[in-house]
Amino acid sequence: MVLQEKREIIQRDSYMNEITKNQKVIILRDGTEIWIEKDRAENFGDQLMKITESKFVKIDDQIINTADITGIFSPETLEEKVRRKRGQWYCTSCKKWHDRGERCEEVRIPSHIAKFLE
Ligand SMILES: [Zn+2]
């Protein structure tokens, strides 16, 4: 990969991080994700907790039934879910994600435990 391309990807990633940091995700029962600004999501969440019956609400140009809402989540929670689905696991030793089957270099597993992990 050319350096220029690499640089563009890094820029795009940090740009995406900037965007997603200020957003929250409404997740519906069928897995649909609706991304909206954090402030609006929090307002919406407050309204949602007050209503006692399900009803149709408009979010941007979409109309959804509140009964279909699973919850409102942060991008971090979502990322974690996606990673776990991919088989990745979060390592408390090095504070990084590892791929399925990957062992952490920093962890020294006692041999009497290690044999059960083979
Ligand atoms: Zn690790």
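How many residues lie between S3 and S4 in their hairpin, and which residue in the turn has a positive phi? Two residues separate the strands, and Asp60 is the one in the turn whose phi is positive, at about 55°. Residues are numbered from 1 along each chain as its sequence is written. The model is predicted, and for this reason local features need a pLDDT of at least 70 and side-chain atom pairs count only at pLDDT 80 or more, whereas totals for chains, interfaces and linings use all residues.

The pLDDT is the predictor's confidence in each residue, on a scale from 0 to 100. Its average over the protein chain is 85, and 84% of the residues score at least 70. Confidence is lowest in helix H1 (residues 3–21), with a mean of 67, and highest in S4, with 96. Where pLDDT is low, the predicted coordinates should not be read in detail.

The protein chain contains 4 helices and 7 strands, where helices (H or I, at least four residues) and strands (E, at least two) are DSSP runs numbered from the N terminus. Read from the N terminus on, the order of the elements is α-β-β-α-β-β-β-α-β-β-α. Of its 118 residues, 3% count as buried; a residue is buried if 20 or more other C-beta atoms lie within 10 Å of its own, exposed if 12 or fewer, and partly exposed in between, with C-beta atoms placed from the backbone. Among contacts between residues at least 6 apart in sequence, 34% join residues at least 24 apart, two residues being in contact if their C-beta atoms, placed from the backbone, lie within 7 Å.

An open sheet is formed by 3 strands in the order S2-S1-S5, with antiparallel pairing; two strands pair if DSSP finds at least two bridges between them. Its edge strands, each pairing on one side only, are S2 (33–37) and S5 (69–73). Neighbouring strands of this sheet are turned by 20° against each other on average, direction ignored; axes are lines fitted to C-alpha atoms, for helices over the stretch in contact, and angles run from 0 to 180 degrees between N-to-C directions. Strand S1 (residues 23–28) is joined to S2 by 5 bridges. Val25 stands opposite Trp35 in S2, and Ile26 has Ile34 as its bridge partner there. The hairpin of S1 and S2 has 4 residues between the strands, and in it Gly31 takes a positive phi near 95°. Helix H2 (residues 38–50) lies across S1, S2 and S5 and runs at about 110° to S2.

The hairpin of the opening question can now be described in more detail. S3 and S4 run antiparallel and are joined by 4 bridges; Phe56 stands opposite Asn65 in S4, and Ile59 has Gln62 as its bridge partner. Asp60 lies in the loop between S3 (56–59) and S4 (62–65), and it has a positive phi although it is not a glycine. Most residues other than glycine have a negative phi. Asp60 counts as exposed because it has 9 C-beta neighbours inside 10 Å. Asp60 and Ile34 are 26 residues apart in sequence, and their C-alpha atoms are 9.8 Å apart in space.

H3 is followed by Gly87, whose phi is positive, near 95°. Lys95, in the loop between strand S6 (89–91) and strand S7 (96–98), also has a positive phi, near 60°, in a residue other than glycine. Because 8 other C-beta atoms lie within 10 Å, Lys95 is exposed.
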